[in-house]
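Thanks for making the time, everyone. I would like to walk you through one model this morning, going from the overall picture down to a few side chains.

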Amino acid sequence: PASAPLRPGRAAPLPAEERARRLQEMQATAALADEARTQRLAQPGADDASDAPDAPPARAGPAAFLQETRQGMLGDGGLTVEGAVRRRQHYSDRKGALDGSAL
């Protein structure tokens, strides 16, 4: 239907040569992007090290994990679990509290 009129807002069909040229361009661009992606994935440690050069070294073991978790929950680590519960008790005891789950 080459003689059929085009609808408004619709482009004319591309000649075969133009379609082939655009396909080659898209394939070349895809190949370059794939190559760049492969290079990025081949060196994951280099980017991580440069992003956070002053990050503290990770401590290993369950004892370090427990210590970090306690410190995160209890603040500076000077409190015990009981002390932290007592410190937050006023949230549960205040007027208008519907339940005691405000720890």
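This is a predicted model: local features need pLDDT of at least 70, side-chain atom pairs count only at pLDDT 80 or more; totals for chains, interfaces and linings use all residues.

Where in the chain is confidence highest, and where is it lowest? It is highest in helix α1, residues 16–42, at a mean of 95, and lowest in helix α2, residues 44–51, where the mean is 60.

As to the overall make-up, the secondary structure of the chain consists of five helices and zero strands, so that, read along the sequence, the pattern is simply α-α-α-α-α. Of the 103 residues in the chain, 5% are buried, and the accessible surface amounts to about 9300 Å², with carbon and sulfur atoms accounting for 58% of that area.

Let me now move to the charged side chains. How many salt bridges does a search of the whole structure find? The search finds three, and I will take them one at a time.

In the pair E18 and R21, the closest N and O atoms are 2.5 Å apart, and both residues lie in helix α1, three residues apart, which is about one turn of the helix. E18 also meets R22 in a salt bridge, at 3.1 Å from N to O, and here the two residues are four apart in helix α1, again a separation of about one helical turn. The remaining bridge joins E25 to R21, with 2.2 Å between the closest N and O atoms; E25 and R21 are likewise four residues apart in helix α1, or about one helical turn.

Taken together, E18, R21, R22 and E25 are linked in a network of salt bridges. In general terms, side chains of opposite charge can pair when their charged atoms come close.

Are these residues buried, exposed or partly exposed? E18 is partly exposed, with a relative accessible area of 22%, and R21 is partly exposed as well, at 38%. R22 counts as partly exposed at 41% relative accessibility, and E25, with a relative accessible area of 41%, is also partly exposed.

Finally, I would like to point to V81, which lies in helix α4, residues 81–87. V81 is partly exposed, with a relative accessible area of 49%, a value that stays below the cut-off for exposed, which is over 50%. Its C-alpha atom is separated by 8.6 Å from that of R70, although V81 and R70 are eleven residues apart along the chain.

Terms used:
Residues are numbered from 1 along each chain as its sequence is written. Side-chain values use heavy atoms; hydrogens and water are left out. pLDDT is the predictor's confidence in each residue, from 0 to 100. A salt bridge is a side-chain nitrogen of Lys or Arg within 4 Å of a carboxyl oxygen of Asp or Glu. Buried means under 20% relative accessible area, exposed over 50%, partly exposed in between (1.4 Å probe, protein chains only). Accessible areas come from the Shrake-Rupley method with a 1.4 Å probe; for residues, only the protein chains shown count as cover.
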